[in-house]
Amino acid sequence: MKPKRKRLWLLVGSLGALALAATLVLVALDDNLVFFHSPTQIAERKPPPTQRLRVGGLVAPGSVEKAGDGLTTIFVVTDTRANLKVSYRGQLPDLFREGQGVVAEGTLGTDGVFLAREILAKHDEAYMPPEVAKALKDAGHWKKDSGK
């Protein structure tokens, strides 16, 4: 085999290995990427039930209910334009309250109820998760003094 042909095969093999490595990385990332959506975005584009999502907004006042099992909490997350019913089984963070910012991670059920696996509540009075702040700004209900 001529040296020129050897270099060509080496280049083709290297590009093939690089393409295979990039494909494996993208497949691994796809399983672990979780994007933030506001309740309005979920109402407009119903995501598939298998897609993991992060949903953020304010806990609607008067919407928090405990189910009969004592572990499941059902509440409504709102960005003031749309509401999304969330069901969470487990212990809620200490800072979880009505009217406060919250981010829930989970999947959207076929019945339209968001099944949260994790709940994140804001950690002080001055902080608002950036995704929640953007969703509230987009909805036109951002209070300048309510967060950074």
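Biologist: Which residues make the nonpolar surface patch?

Modeller: Val25, Leu26, Leu29, Leu33 and Phe35 make a nonpolar patch of about 490 Å². Before we go on, this is a predicted model, where local features need pLDDT of at least 70, side-chain atom pairs count only at pLDDT 80 or more, and totals for chains, interfaces and linings use all residues. Residues are numbered from 1 along each chain as its sequence is written, and side-chain values use heavy atoms, with hydrogens and water left out.

Biologist: What makes a patch?

Modeller: Its residues have over 30% relative accessible area and no salt bridge; like charges are joined within 9 Å, and nonpolar side chains (Val, Leu, Ile, Met, Phe, Trp, Tyr) within 5 Å. The areas come from the Shrake-Rupley method with a 1.4 Å probe. Val25, in helix H1, has a relative accessible area of 47%. H1 gives the largest share of the nonpolar patch, three residues.

Biologist: Why is Val25 called partly exposed?

Modeller: Buried means under 20% relative accessible area, exposed over 50%, and partly exposed in between. Val25 has 47%, so it is partly exposed.

Biologist: Which residues form the positive patch, and why is Lys2 called exposed?

Modeller: Lys2, Lys4, Arg5 and Arg7 form the positive patch; Lys and Arg count as positive, Asp and Glu as negative, while His and the chain ends are not counted. Lys2 sits in the segment before helix H1 (3–32). Its relative accessible area is 65%, so Lys2 is exposed.

Biologist: How many helices and strands are there?

Modeller: The protein has three helices and seven strands, in the order α-β-α-β-β-β-β-β-β-α along the sequence. Helices (H or I, at least four residues) and strands (E, at least two) are DSSP runs, numbered from the N terminus.

Biologist: How many aromatic pairs does a search of the whole structure find, and why is the pair called edge-to-face?

Modeller: One aromatic pair turns up. The ring centres of Phe75 and Phe96 are 4.9 Å apart and the planes stand at 65 degrees, so the pair is edge-to-face. For rings of Phe, Tyr and Trp (its six-membered ring), centres must lie within 6.5 Å; planes under 30 degrees apart count as stacked, over 60 as edge-to-face and the rest as tilted. Phe75 and Phe96 are both buried.

Biologist: What makes the contact of Glu105 and Arg52 a salt bridge?

Modeller: A salt bridge is a side-chain nitrogen of Lys or Arg within 4 Å of a carboxyl oxygen of Asp or Glu. Glu105 and Arg52 meet at 3.2 Å, N to O. Glu105 lies in strand S6 and Arg52 in strand S2 (residues 52–59), so this bridge ties together parts that are 53 residues apart in sequence. Glu105 also bridges to Arg54 at 3.2 Å, N to O.

Biologist: Is Glu105 buried or exposed?

Modeller: Glu105 has 15% relative accessibility, so it counts as buried. Arg52, at 28%, counts as partly exposed.

Biologist: Which residue forms a salt bridge with Asp69?

Modeller: Asp69 pairs with Arg89, the closest N and O atoms being 2.7 Å apart. Asp69 is in the loop between S3 and S4 and Arg89 in strand S5, 20 residues apart. Arg89 has 54% relative accessibility, so it counts as exposed. The count comes to three salt bridges.

Key: Charge placed at Lys NZ, Arg CZ, Asp CG, Glu CD. Buried < 20%, exposed > 50% of the residue type's maximum accessible area, 1.4 Å probe, protein only.
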